[in-house]
Structure formats: structure tokens, C-alpha cells
Amino acid sequence: MKKKSAMSRLFDYAGNFKYLTMASWVLSVISAWLALVPFYYIWRIIKEILDVAPFYGDARNLSKYGWTAVGFAIGSMLIYICALMCSHIAAFRVQANMRSKVMRHILTLPLGFMDREGSGKVRKIVNESSAATETYLAHQLPDMAGAMATPVGLLVLLIAFDWKLGLLSLIPTVLAFLIMGSMTGEKMKEKMKEYQNSLEVMSNEAVEYVRGVPVVKTFGQSVFSFKRFKEAIKGYEKWTISYTLDLRMPMTLYTTIINSVFAVLMLAGFVITRNGVTKDFILNFTFYVIITPIITVTLNKIMFSSENNMLVEDALSRIEGITNMKPLEEPSAPKHPQDYSVSVNNVSFRYADAKSNALNDINMNIKSGEHIALVGPSGGGKTTLASLIARFWDVNEGEIKIGGVNVKDIAGKELMNTVSFVFQDSKLLKMSIFDNVRLSKPDATREEVLKALKDAQCDDIIAKMPKGIDTMIGSEGTYVSGGEAQRLSIARAMLKDAPILVLDEATAFADPDNEAKVQEAFANLSKGKTVIMIAHRLSTVTNADKIYVLKDGRIAEQGTHDELNNKGGIYTHMWSEYNKSVNWKVGVR
């Protein structure tokens with residue numbers, strides 16, 4: 001099936017407002033043609049002056065011609081303003097509809113979508129790609145319509161008065177068009193795509209780098225510890241230099257030729273007037289010197305409009321890259337879990353575009369109310385496995401069941417109410433503490449929120465806030481530490497009161513003062529729940545009912561702390577190294 005044009009795809013978002021866009025084109029074309037009419041009256045003024053020379057006082061129509069030219073110029077501007085009003089109304093509607101559609105679609109996608117794509121990249125696509133279409137429709141498209149119409153009117157003017165000079169004026173134009181074509185073809189389209197890709201990568205890595213600044217400060221790392229961010233900047237730099245060098249010669253030739261129309265006219269003037277100068281030639285030559293700079297302006301508009309069209313096509317492709325993603329299928333006949341046990345049966349999973357599986361043939365049975373821990377080297381698949389239980393993604397092979405029911409057969413809303421996550425990097429929004437906590441249960445009362453905060457050991461946080469739980473986080477210098485944010489996140493989970501709890505490195509960034517309170521909050525939160533804890537700090541998992549050691553996407557070992565510690569395997573080595581790190585002290589001289 002033939003791919004729809006960028007304009008057709010934009011009209012899909014515009015609805016009936018597309019007629020305003022069309023009206024803007026028509027008005028812009030009319031404006032462009034009216035803008036050429038004053039040049040005709042300039043020719044009439046020059047002609048009358050030459051006709052009466054040297055008796056200039058006999059020129060009776062100069063004022064009439066002048067004011068007529070001004071009238072057409074003002075009319076052209078007023079019609080152009082009307083064109084922009086129409087295009088802006090339509091453009092704002094398209095941008096609003098586009099953002100709304102994308103954001104609504106994102107809400108239907110798997111929860112792992114944001115982890116895979118990165119919030120910086122997604123934000124750039126939603127904001128900047130939709131903004132590119134708004135700018136295109138509001139400004140660039142009407143200008144392009146006018147720029148395309150102007151050469152038609154110019155051609156009439158150039159040929160009408162002296163066809164020889166007119167054709168000579170067009171020679172540089174034709175050459176410039178040929179060079180422009182070499183710069184704005186398929187190769188340029190691919191370059192625009194590469195440019196946007198490099199910006200997306202750099203934007204996403206910048207967001208991730210800023211989020212990781214606390215870790216850099218804690219461990220005294222240099223800025224170059226974030227290699228991916230540095231590599232993203234270097235990649236963008238390399239692309240920019242290469243692209244600039246590729247266009248250096250054609251752009252130089254284009255600029256030189258398009259600005260050489262005057263030079264061609266001068267050479268033609270010397271040749272034509274070698275046997276004498278006529279009054280008609282002076283009239284037409286003067287007129288052509290005045291009007292030909294419009295060719296340069298018009299061609300530049302057409303060239304940049306071609307580039308803008310490529311940017312919009314790329315922006316639409318990126319928007320559609322999100323909207324074409326399929327959401328997780330909702331079951332046609334939802335089933336309800338019988339209890340809150342979790343069973344993982346022969347599960348294998350591979351991320352999109354990955355070369356190897358993140359998990360391979362995982363089998364695990366967690367009884368209702370049991371507390372288990374996932375430990376192991378980084379990249380072993382711990383977080384991936386926990387995410388699959390909450391159906392952040394669908395497994396490639398095998399199945400995951402909660403209460404004897406495949407998670408695919410549980411309604412999405414019920415599944416989210418069944419499983420609660422506490423991540424290592426807690427997210428608080430710029431709203432009151434009360435509203436932040438109540439996100440997990442929008443209909444919760446103030447008393448319920450206060451109880452959740454108390455159980456999460458947040459009383460000291462609330463006490464120091466200027467407006468208590470109504471204090472706005474992130475405004476007027478009101479912020480919380482990583483450990484405090486973690487406790488507020490736990491309060492949110494407590495309010496939700498889901499029967500299955502996943503703790504993903506939840507104490508990773510807690511300072512010693514906060515850790516004790518976080519651990520006590522976890523103890524309150526975990527009562528009577530099925531708990532899956534992911535941890536590198538092994539002291540937090542010694543009391544787990546069962547510990548699973550994951551390495552390279554497989555379960556390497558499983559058992560209680562004592563059982564695993566006596567095996568002399570991976571866990572024994574990890575426990576030994578952990579104790580060494582705990583007892584390690586900085587020597588002072």
C-alpha cells in the first residue's frame with residue numbers, strides 16, 4: 001500500500017480544520033501575486049520619468065502610481081495576515097490532537113515502554129515532533145504556497161517587458177534549482193533522520209545523566225563516568241561536522257549563483273548596448289535590476305521549505321512509531337486470581353532488538369504470603385523477571401500465573417491493583433505530599449493518607465514541612481532527600497495496599513539515618529503480603545523465605561540464606577564480598 005503523504009497524515013489530525021489550512025494556501029497565493037503588482041507601477045513610474053526627461057515637472061501620474069503601489073502592498077499584507085490566522089488556528093488544533101492521541105496511546109502501552117525508550121526520548125518526540133508540525137502548518141506551509149506562486153507571477157513580469165533580459169535572468173535560477181535538487185533529495189531526507197536520531201539519543205542520555213548526578217556525587221565520580229552521555233555528544237558532533245562538510249561546496253555554489261542574477265544582467269547590458277543605448281532598454285534594465293532580487297528570496301524560501309517538509313515527515317514518522325506500537329491485549333473474558341501466589345513456568349524473554357534473551361527457562365513458585373528475594377550480578381535479569389510478573393511486558397515463552405491465573409487473562413486494572421512496585425529511584429511529582437501519596441488510590445480520604453504516612457515512618461518528614469502534607473514538593477525550595485522520597489513512595493504503596501509487593505533495590509540510595517526507617521516501613525508494608533525483593537545489599541534478604549540467585553538470565557542457585565551460604569557457590573562469594581565491603585574503612589593519617 002502506498003504510504004500517505006505528510007499532508008494527508010496531518011489532515012487526519014486536523015478534522016474539519018483542514019479547510020482552514022487550505023484557505024491559508026489560497027490566501028497566501030493571492031497575497032504573493034498582489035505583492036508583485038507594485039513592481040508594475042514602479043515600471044510605470046520609471047517610464048513616465050524617462051518619457052518627460054529632462055522636464056520632470058510634466059510627470060503628472062507619479063503620485064497616483066505610487067499610492068496605487070502602496071495600496072496593493074498593504075492589501076497583500078492584510079491578506080497574508082488572514083492566511084496566517086487561518087493556518088495558526090488549524091495548526092494549534094493539529095498539535096493538540098496529535099499530543100492528545102500520542103499520550104492516550106502511551107497510557108495503553110506496556111509499562112516497560114518508558115523504561116526501554118527512556119523518558120527523555122519520549123518527551124522529545126511528543127513535544128518537539130508535534131511542535132515541528134505546528135510550526136510547519138502555521139508558518140512554513142503558507143510561506144511555501146506563496147513561494148511556489150511567486151515564480152509564476154515573476155515569469156510573467158520577466159517575459160512581458162523584455163523577453164531577452166527575462167530569459168537571461170532565469171539562467172542562474174535554473175542552475176540554482178539543479179544544485180538545490182542535489183541538496184534536498186533522498187540523501188538529505190536520510191540526513192535529517194540521522195540528525196533527529198542523534199538529538200533524541202543525546203536528549204535521553206542527558207536526562208539519565210542528570211538523574212544519576214546523586215550517584216556521581218556520592219562516589220566521587222567524574223562526569224566522564226557517564227560514558228553513554230559523552231558518546232552521545234561525540235556522536236552528534238561527528239554527525240554535524242560530516243554533514244556540514246558534505247554541504248559546504250554545493251551550498252557555496254548555490255549561494256554564489258542565486259546571487260549572481262545582477263551580474264548576468266550587467267554582462268547582458270554591456271553586450272546589448274555595444275551599439276548604443278535606447279530609452280526602452282534603460283527602462284527595462286532598471287526594472288529588471290529592481291525585481292530580480294525577488295528570485296533570490298523566493299528560491300531560498302523554496303529550498304528551506306523542502307528541508308522543513310523533510311523534518312515534518314521525520315517528525316510524523318517518530319510520532320507514528322509510538323502510535324503504531326500495539327498495546328497489551330486485554331482478555332475478552334477476564335479471570336480472577338484465587339489467591340496471591342506467583343508461579344513462573346518455563347519463562348524466556350527477549351527485549352525488542354536485543355541479540356540474546358534477558359531470561360532463559362525460568363521456573364519459580366512463590367506461595368501466597370511468602371517473602372522471596374532475587375539477587376545476583378548486575379544484568380542477571382532480576383528486574384526483568386519482576387517486571388514480567390506485573391506484565392510490564394508479555395513473555396516470549398512460558399507463562400506467569402498469579403493465583404493460578406495467567407497474567408494475560410487478568411484485566412489490566414485488576415492486575416495493577418494486585419501488584420505494587422517500590423523502585424530504587426522513587427518519583428515524586430510537583431504536587432502536594434497529600435496528592436503524591438494519593439496517586440495510588442485517588443478516592444482515599446485524608447485520614448487514610450495520614451495513616452499510610454504514619455505507617456511508612458514519614459512523621460518526621462511531615463513535621464518539618466511548612467504546610468504539612470499540603471506542602472508542594474519542588475516549589476519554593478521545598479525538596480526531600482532520596483531516603484525521604486523512598487519513604488513517601490512506600491506510603492503510596494501502603495495506601496494502595498496491593499497483596500503482591502515488588503521491592504526493586506528499594507534501599508539502594510537510602511542514607512544510614514533513613515535506612516533504619518525505610519526498613520521499618522518495609523516491615524509494616526510487607527505484613528500479610530507476597531513479597532518479591534530485588535537487592536544488592538544482602539543484609540536485607542537474610543530472613544527471606546527463599547533466595548533465588550540469577551546470573552546471565554538463568555536461576556543459578558536457590559534456597560534459604562543458610563542453605564546457599566553453605567554451598568560455597570555464587571551466593572557464598574557474594575556474601576563474603578558484601579561483608580568485606582561493610583567492614584571496609586577509609587584509613588586516616
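Biologist: Where does Ser343 lie?
Modeller: Ser343 is in strand S1, which covers residues 342–349. Keep in mind that this is a predicted model.

Biologist: Is Ser343 buried or exposed?
Modeller: Buried. Its relative accessibility is 14%, and the cut-off for buried is under 20%.

Biologist: What does Ser343 touch?
Modeller: Leaving out residues up to four places away in sequence, Ser343 touches Met364, Asn365, Glu399, Ile400 and Lys401.

Biologist: Step back a bit. How many helices and strands are in the protein?
Modeller: The protein has 21 helices and 10 strands.

Biologist: And what share of the residues is buried?
Modeller: Of the 589 residues, 44% are buried.

Biologist: What about contacts across the sequence? How many join residues at least 24 apart?
Modeller: Take the contacts between residues at least 6 apart in sequence. Of these, 77% join residues at least 24 apart.

Biologist: On to the aromatics. How many pairs does a search of the whole structure find?
Modeller: Eight aromatic pairs. One of them is Tyr40 with Tyr41: the ring centres are 5.2 Å apart and the planes stand at 75°, so the pair is edge-to-face.

Biologist: Why is that edge-to-face?
Modeller: Because the planes are at 75°, and an angle over 60 degrees counts as edge-to-face.

Biologist: Those two are neighbours. Which one is buried, and which is partly exposed?
Modeller: Tyr41 is buried, at 18% relative accessible area. Tyr40 is partly exposed, at 29%.

Biologist: How are the rings of Tyr41 and Tyr65 arranged?
Modeller: They are tilted, because their planes are at 45°. The ring centres are 6.2 Å apart.

Biologist: Where do those two sit in the chain?
Modeller: Tyr41 is in helix H2, residues 18–52. Tyr65 is in helix H3, residues 62–108. They are 24 residues apart, and the pair links distant parts of the chain. Both Tyr41 and Tyr65 are buried.

Biologist: Which residues form the aromatic cluster?
Modeller: Tyr40, Tyr41, Trp43, Tyr65 and Phe72 form one cluster.

Biologist: Stay with H2. At what angle does H2 pack on H11?
Modeller: About 150°, with the axes 10 Å apart. H11 is residues 279–291. The two helices are therefore roughly antiparallel, since an angle over 145 counts as that. Their crossing is right-handed.

Biologist: Which residues make the contact?
Modeller: From H2, it is Phe39, Tyr40, Ile42, Trp43, Ile46, Lys47, Leu50 and Asp51. From H11, it is Lys279, Ile282, Leu283, Asn284, Thr286, Phe287, Ile290 and Ile291. Tyr40 and Trp43 also belong to the aromatic cluster.

Biologist: Next, H12. Where in the chain is that helix?
Modeller: H12 is residues 293–323.

Biologist: Are Ile295 and Thr323 buried or exposed?
Modeller: Buried in each case. Ile295 has a relative accessible area of 5%. Thr323 has 14%.

Biologist: What do they touch?
Modeller: Again leaving out residues up to four places away, Ile295 touches Leu154, Leu158, Ser169, Thr173 and Ile258. Thr323 touches Lys101, Val102 and His105.

Biologist: How far is Ile295 from Thr150?
Modeller: Their C-alpha atoms are separated by 8.7 Å. Along the chain, Ile295 and Thr150 are 145 residues apart.

Biologist: What follows H1?
Modeller: Gly15, which has a positive phi near 65°.

Biologist: Last pair of helices. How do H16 and H18 pack?
Modeller: H16 is residues 446–455 and H18 is residues 482–496. They pack at about 125°, with axes 8 Å apart. They are therefore oblique to each other, and the crossing is right-handed.

Biologist: Which residues meet there?
Modeller: Glu448, Val449, Ala452, Leu453 and Asp455 in H16 meet Leu488, Ala491, Met494 and Leu495 in H18.

Biologist: And where does Arg446 lie?
Modeller: Arg446 lies over the face of Phe434, 5.6 Å from the ring centre.

Notes. Residues are numbered from 1 along each chain as its sequence is written. This is a predicted model: local features need pLDDT of at least 70, side-chain atom pairs count only at pLDDT 80 or more; totals for chains, interfaces and linings use all residues. Side-chain values use heavy atoms; hydrogens and water are left out. Rings of Phe, Tyr and Trp (its six-membered ring) pair if their centres lie within 6.5 Å; planes under 30 degrees apart count as stacked, over 60 as edge-to-face and the rest as tilted. Buried means under 20% relative accessible area, exposed over 50%, partly exposed in between (1.4 Å probe, protein chains only). Helices (H or I, at least four residues) and strands (E, at least two) are DSSP runs, numbered from the N terminus. A charge sits over a ring if NZ of Lys or CZ of Arg is within 6 Å of the ring centre and within 35 degrees of the ring normal. Axes are lines fitted to C-alpha atoms, for helices over the stretch in contact, and angles run from 0 to 180 degrees between N-to-C directions. Angles under 35 degrees count as roughly parallel, over 145 as roughly antiparallel, 65 to 115 as roughly perpendicular and the rest as oblique. A crossing is left-handed if the near helix is turned anticlockwise from the far one by less than a right angle, and right-handed if clockwise. Contact means heavy atoms within 4.5 Å.
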